[in-house]
Amino acid sequence: MNSGIKLKLSRQTVLLFFVAALTGILKRVIMIYICVLFHELAHLCMCYKYSAQVEYIGVYPYGMELRLKEMTEPRKQIFISLAGPMVNLLFFVCGFFVSLFIRNTYLSFFVSANLILFVFNMMPCIPLDGGEILRSFVSGGFGILYSYTFVKKLSKAISVIMLVMGIVL
């Protein structure tokens, strides 16, 4: 069991919040970080459930990361990795139904942010949750080394496709 989890806060994250305050988007940035915080807390709850040791939680301008001290068995890793995106899916669904009755700019942003967080995190790319889930599934039949190599190559291919789409679109 964890006797304490290190929190790593990057200086760039502090700068992001400062710039967000200056540009008037601080509320939205805080809302995104709160959604990501609950996402990471869901991972943390599953780590406690499966006695997985957490090395640290990192807070960066692009989001947060929960780093395990060591890999867990594939079945446990799947549930740990699924927990975060499922929280975002739950927030999306609940927020969507509430938005049918209440019109609010921040509620709409909350709903959209959680849908984007869910879809993005479920992409089968390492280090995203979808990549960890796919790696865990593949490792069950082909071993850890092959599964990591396979998902790493897939991640690179998806990255190139997304880059080309970003340039073209």
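Analyst: We may begin with Lys 76, which in this predicted model is partly exposed, with a relative accessible area of 22%.

User: With which residue does Lys 76 meet in a salt bridge?

Analyst: Side chains of opposite charge can pair when their charged atoms come close. Here the side chain of Lys 76 meets that of Glu 73, with an N to O distance of 3.8 Å. That pair counts as a salt bridge because the cut-off is 4 Å between the side-chain nitrogen and the carboxyl oxygen. Glu 73 is partly exposed as well, at a relative accessible area of 41%.

User: How many salt bridges does the structure hold?

Analyst: There are three. Another of them joins Glu 65 to Arg 67, whose closest N and O atoms are 2.5 Å apart; Arg 67 is partly exposed, with a relative accessible area of 38%. A further one links Arg 135 and Glu 132 at 2.8 Å, N to O.

User: How far apart in helix H5 are Arg 135 and Glu 132, and are they buried or exposed?

Analyst: The two are three residues apart in helix H5, so about one helical turn separates them. Burial is read from relative accessible area, with under 20% taken as buried. Arg 135 therefore counts as buried at 5%, and Glu 132 likewise counts as buried at 18%.

User: Where is Ile 133 placed, and which residues does it touch?

Analyst: Ile 133 also belongs to helix H5, and its relative accessibility of 9% makes it buried. Leaving aside residues up to four places away in sequence, Ile 133 touches Ile 78, Ser 81, Leu 82 and Met 122. Between the C-alpha atoms of Ile 133 and Asn 114 there are 19 Å, the two residues being 19 apart along the chain.

User: Against which helices do the buried residues of H4 pack?

Analyst: Their partners are helix H2 (26–49), helix H3 (74–99) and helix H5 (129–142). The buried residues of H4 include Leu 107, Phe 109, Val 111, Leu 117 and Phe 118, together with Asn 114 and Asn 121.

User: How is the whole chain to be summarised?

Analyst: The secondary structure comes to six helices and three strands, arranged along the sequence as β-α-α-β-β-α-α-α-α. The C-alpha trace spans about 50 × 45 × 35 Å along its principal axes. Of the 169 residues, 38% count as buried. The chain exposes about 10600 Å², of which carbon and sulfur atoms supply 72%. Among contacts between residues at least 6 apart in sequence, 61% join residues at least 24 apart.

Technical notes: Residues are numbered from 1 along each chain as its sequence is written. This is a predicted model: local features need pLDDT of at least 70, side-chain atom pairs count only at pLDDT 80 or more; totals for chains, interfaces and linings use all residues. Side-chain values use heavy atoms; hydrogens and water are left out. Buried means under 20% relative accessible area, exposed over 50%, partly exposed in between (1.4 Å probe, protein chains only). Helices (H or I, at least four residues) and strands (E, at least two) are DSSP runs, numbered from the N terminus. Contact means heavy atoms within 4.5 Å. Accessible areas come from the Shrake-Rupley method with a 1.4 Å probe; for residues, only the protein chains shown count as cover.
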